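Here is a briefing for a reader who is meeting this structure for the first time.

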Amino acid sequence: MLLPVFTLKLRHKISPRMVAVGRYDGIHPCLAAATQTGKVTGSSRAHGARPEDLHFVNYLGISVTRPRAVADGANTIVLGTLGDIAPPLAIIGGNCALQGFDHEGNDLFWTVTGDNVHSLALCDFDGDGKKELLVGSEDFDIRVFKEDEIVAEMTETEVITSLCPMYGSRFGYALSNGTVGVYDKTARYWRIKSKNHAMSIHAFDLNSDGVCELITGWSNGKVDARSDRTGEVIFKDNFNSAIAGVVEGDYRMDGHVQLICCSVDGEIRGYLPGMAEMKGNLMDTSMEQDLIRELSQKKQNLLLELRNYEENMKAELSSPLNEADGQRGVIPANTRLHTALSVHMGNEKQAAHAELRISTSNDTIIRAVLIFAEGIFAGESHVVHPSIHNLSSSICVPIIPPKDVPVDLHVKTFVGYRSSTQFHVFELTKQLPRFTMYLITSPDSASEPLGYVNFTIAERAQRMVMWVNQNFLMSEDITFQNAPFQVCFTSLRNGGLLYIKIKSSGEITVNTDDIDLAGDIIQSLASFFAIEDLQVEADFPIYFEELRKVLAKVDEYHTVHQKLSADMADNSNLIRSLLVRAEDARLMRDMKTMKNRYMELYDLNKDLLNGYKIRCNNHTELLGNLKAVNQAIQRAGRLRVGKPKNQVINACRDAIRSNNINTLFRIMRVGTASS
């Protein structure tokens, strides 16, 4: 059994996810943590010190050479090298933006991402020996940046709260719904879901097998280590309160790195990796007993299943022809399950939706359907269990994907007869196309959207039609007759129209007022045809007009912020003056004047509090509008692929820095600032 090699108790409660190890004097490892009272406390031990010889620093003094204000906020930070950028960076994730500074405060990296950033990690994702940036955000996406270019995107089911590199291209992740797991590049190795929340994850080789395990600290005080390959628990321990952080360091300065776990109550435990002779068995005998009980339960389940098969066979032999009255327990051997996907506009009783129809090939009935799909159903699974009076050989399940991403539906269907007590389970996987929530309709030139993207690709029109058939849900495949080719869809989410026009020259026009949909189509086409660089011409008059209003508000809020800051500085000077005058009056025993000065101070304090509330509201509104601006830049970038995308993002930032709004919109439309 693996036991802690040291246990400590801090005198402060620790804020979750606010724990780190550093060498502030360049020699002694120091455990630093943010306390729940707003302080930063640290602890360190000299070489050979006893556990009780613990030194505390209530306030860590940190020398800052060049402080930098980050306009887009700072939600998370990671330190390290990124791509070909030579100096190490402090990379800040904020309000839909990523910004990297070197040790002198120089701004060497900036780009935008889809939503507010919650987690960052550096990992050699593509195995080229250079680090890529993993970004987890509020829109449930994990994006991989090779410097300022997105090279991969993985969609999860909740907000990504933590990311950690493991080794090579493998990394761990945690979600706000209690899910933790491991990816290798874009392939997910495993994941588990808990009713508790993962407060901290860390990669550490705890069983000395040369491969890091995923260490997770949970909100219920549990710490566990899971195999990076299978997710199997190889070690666990329990604290009396939630885990605040999991870090590593040679805390005892004896040449051995320990895994250090801290709880929010200030309890700290350090663990040395287990000896190689333990062969990965880091759990105590009680854990072995749990494993025996688990295997015994599996044995009982298998015996029960075998007994059910035997009883069904007896029933079939005793009444092989008694099928009409529905008493036979075994379904016919030739029973097949048929599935079909379709799109419905909806009505007064039911919203527009895609529909999965499941039916059997004979008179057997469907007793229940269980569907597992990421990001579609609450809890990721959905069960349809008809009442006994509504049983039939077919069932329809409405499906409403919230985002335009391809989704695998893992379906389990329980099939039997009306009086059956045991059912045969059919398992199958059905894929929803990326653009499921669009219904093919007849084109109407009068209602054609004003927004569009126009570009040319070196592909035959027939191949483009193939892409349409694979990515949209239609009753039958459309065929290419002659150019120009046109197809029209109606969005089931908002009723907006989508036109796709294809010319024989390879010129393609996509008409839609939804800039996000246009970006999704561009990215889908680039993936399907392996396009590395794509420049487009675009215009979205409705969206751009809204963006102009947002930019005007940003200027307005900046002006208000500067005025409020100046007023606060004036009031601060006035407070100092009033305090001095009040104290002078007190020393001269002029009680009336002293009282008047303190009454003025009281009124001024109320004004300061009101001004603070106004500043807070102004700051919140400013951040909201800055987020909208950053998302607009991200959307303009998603309309392009490769180098043109990076050029648009960088040029948009330069235009905003110089406050050149007309240039900004030109860049978004044609991809360049030049005429």
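Phe435 and Tyr438 are both buried, where buried means under 20% relative accessible area, exposed means over 50%, and partly exposed lies in between (1.4 Å probe, protein chains only). This is a predicted model: local features need pLDDT of at least 70, side-chain atom pairs count only at pLDDT 80 or more, and totals for chains, interfaces and linings use all residues. Residues are numbered from 1 along each chain as its sequence is written, and side-chain values use heavy atoms, with hydrogens and water left out.

**Aromatic rings**

- The structure holds 14 aromatic pairs. Rings of Phe, Tyr and Trp (its six-membered ring) pair if their centres lie within 6.5 Å; planes under 30 degrees apart count as stacked, over 60 as edge-to-face and the rest as tilted.
- The ring centres of Phe435 and Tyr438 are 6.2 Å apart and the planes stand at 70°, so this pair is edge-to-face.
- Tyr543 and Phe544 make a tilted pair, with 6.2 Å from centre to centre and 55° between the planes.
- Tyr543 is buried because its relative accessible area is 17%. Phe544 is buried too, at 3%.
- Ring pairs also build a cluster from Phe435, Tyr438, Trp467, Phe472 and Phe489.
- Arg269 lies over the face of Phe239, 4.0 Å from the ring centre. A charge sits over a ring if NZ of Lys or CZ of Arg is within 6 Å of the ring centre and within 35 degrees of the ring normal.

**Overall build**

- The protein has seven helices and 37 strands. Helices (H or I, at least four residues) and strands (E, at least two) are DSSP runs, numbered from the N terminus.
- Along the principal axes, the C-alpha atoms fill a box of roughly 110 × 75 × 55 Å.
- Of the 675 residues, 46% count as buried.
- The protein exposes about 34,100 Å², and carbon and sulfur atoms supply 52% of that area. Accessible areas come from the Shrake-Rupley method with a 1.4 Å probe; for residues, only the protein chains shown count as cover.
- Among contacts between residues at least 6 apart in sequence, 55% join residues at least 24 apart. Contact means heavy atoms within 4.5 Å.
- The mean positions of the 71 positive and 82 negative charges are 4 Å apart. Lys and Arg count as positive and Asp and Glu as negative, while His and the chain ends are not counted. Each charge is placed at NZ of Lys, CZ of Arg, CG of Asp or CD of Glu.

- Helix α2 spans residues 461-471, and its buried residues include Ala461, Met464, Val465, Trp467 and Val468. Asn469 and Asn471 are buried there as well.
- The cover over the buried residues of α2 includes β34 (485-491), β35 (497-502), β36 (507-511) and α3 (515-529).
- Ala458 lies in the loop between β33 (452-456) and α2. Ala458 is exposed because its relative accessible area is 81%.
- Ala458 and Ile292 are 166 residues apart along the chain, and their C-alpha atoms are separated by 61 Å.

**Two residues with positive phi**

- Most residues other than glycine have a negative phi.
- Glu147 is not a glycine, yet its phi is positive, at about 55°. Glu147 sits in the loop between β12 (141-146) and β13 (149-155). With a relative accessible area of 24%, Glu147 is partly exposed.
- Arg589 is not a glycine either, and has a positive phi of about 60°. Its loop runs between α4 (541-587) and α5. Arg589 is exposed, at 72% relative accessible area.

At 8% relative accessibility, Asn625 counts as buried.
- Not counting residues up to four places away in sequence, Asn625 touches Val550, Lys553, Val554 and Tyr557.
- Arg226 is in strand β20 (residues 222-226). Arg226 is buried because its relative accessible area is 10%.
- Beyond four places in sequence, Arg226 touches residues including Trp190, Ile192, Glu213 and Leu214. Gly231, Glu232 and Val233 are also among the residues that Arg226 touches.
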